[in-house]
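User: Hey, can you walk me through this one? I'd like to start with how the terms are set.

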Amino acid sequence: MTNHLNKSSDSDEPDKSRAVTQFYRVLQQETQQSLSEEQKQAIEKAVNQVGLVAKHSVDIRKSFPWFGKRYYVVVLSGRDRRAAARQGESKWIVYATTALITTFVLAGGVLVLLALYLLKSALGIDLFENFSLGIWDWFQSL
């Protein structure tokens, strides 16, 4: 989806992306006029590369009213094209962060299952006849 920048009357101006158009819309007029063509091209290239204009294979954007206010939901999916921005990240830090998050999620899941099991046992619900993990007895002995 491209738009024409209608700042000047000449029609030889190339198509601009939506992000570039928005960028020039908020940039002060005197600053725009002070830029050379080479500077404008460099700025447009940078704005497009930062991901403000992303092409996603799935791009769903919906808004809806809720009690007098509007809320929105955005679902985006596609190939990660941000590799250049991530080159400076250490692989060790990425692996450590992933391991830490995975550990917390698994520990949280185990705690939720334990709480549900204790609740089930407190209510006297037996899922299997004559079978117990012994957790309820251990918990009562505390």
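Predicted model: local features only at pLDDT ≥ 70, side-chain atom pairs only at ≥ 80, totals over all residues.

User: How many helices and strands are in the protein chain?

Analyst: Five helices and four strands. Those are DSSP runs numbered from the N terminus: H or I with at least four residues for helices, E with at least two for strands. Along the sequence the pattern reads β-β-α-α-α-β-β-α-α.

User: And what share of the 142 residues counts as buried?

Analyst: 11% of them. The accessible surface of the chain is about 12,500 Å², and carbon and sulfur atoms hold 60% of that. Those areas come from the Shrake-Rupley method with a 1.4 Å probe; for residues, only the protein chains shown count as cover.

User: What about contacts between residues 24 or more positions apart?

Analyst: They make up 17% of the contacts with a separation of 6 or more. A contact here is heavy atoms within 4.5 Å.

User: Switching topic: which residues does UniProt list as "transmembrane region"?

Analyst: Residues 92-119, from an unreviewed entry in UniProt. Positions from that record are given in the numbering used here, feature names are shortened, and annotations may be inferred rather than shown by experiment. In the model, residues 92-119 are 100% helix and 0% strand, with the end C-alpha atoms 40 Å apart.

User: Where's tyrosine 117, and is it buried or exposed?

Analyst: Tyrosine 117 sits in helix 4 and counts as buried, at 17% relative accessibility. Leaving aside neighbours within four places in sequence, tyrosine 117 contacts Ser132, Leu133, Gly134, Ile135 and Trp136.

User: Which residues form the nonpolar patch on the surface?

Analyst: Val112, Leu113, Leu116, Leu119, Leu123, Ile125, Leu127, Phe128, Phe131 and Leu133, with about 1,100 Å² of accessible area together. Patches take residues with over 30% relative accessible area and no salt bridge, joining like charges within 9 Å and nonpolar side chains (Val, Leu, Ile, Met, Phe, Trp, Tyr) within 5 Å. A salt bridge would be a side-chain nitrogen of Lys or Arg within 4 Å of a carboxyl oxygen of Asp or Glu.

User: Now the aromatics. How many pairs come out?

Analyst: Five aromatic pairs. The rule is that rings of Phe, Tyr and Trp (its six-membered ring) pair if their centres lie within 6.5 Å; planes under 30 degrees apart are stacked, over 60 edge-to-face and the rest tilted. Tryptophan 66 and phenylalanine 67 have ring centres 5.0 Å apart and planes at 85°, so that pair is edge-to-face. Phenylalanine 128 and phenylalanine 131 also make an edge-to-face pair, because their planes are at 80°, with the centres 6.3 Å apart.

User: Where is phenylalanine 128?

Analyst: In the loop between helix 4 and helix 5. Phenylalanine 128 is exposed, at 56%.

User: And what's up with phi at asparagine 130?

Analyst: Asparagine 130 has a positive phi of about 55° although it is not a glycine. It lies in the loop between helix 4 (91-122) and helix 5 (135-141) and is exposed, with a relative accessible area of 81%.

User: What is phi for phenylalanine 67?

Analyst: Near 50°, a positive value in a residue other than glycine. Phenylalanine 67 is in the loop between strand 3 (58-66) and strand 4 (69-77), and at 73% relative accessibility it counts as exposed.

Definitions and conventions: Residues numbered from 1 in each chain as written. Heavy atoms only, no water. Buried < 20%, exposed > 50% of the residue type's maximum accessible area, 1.4 Å probe, protein only.
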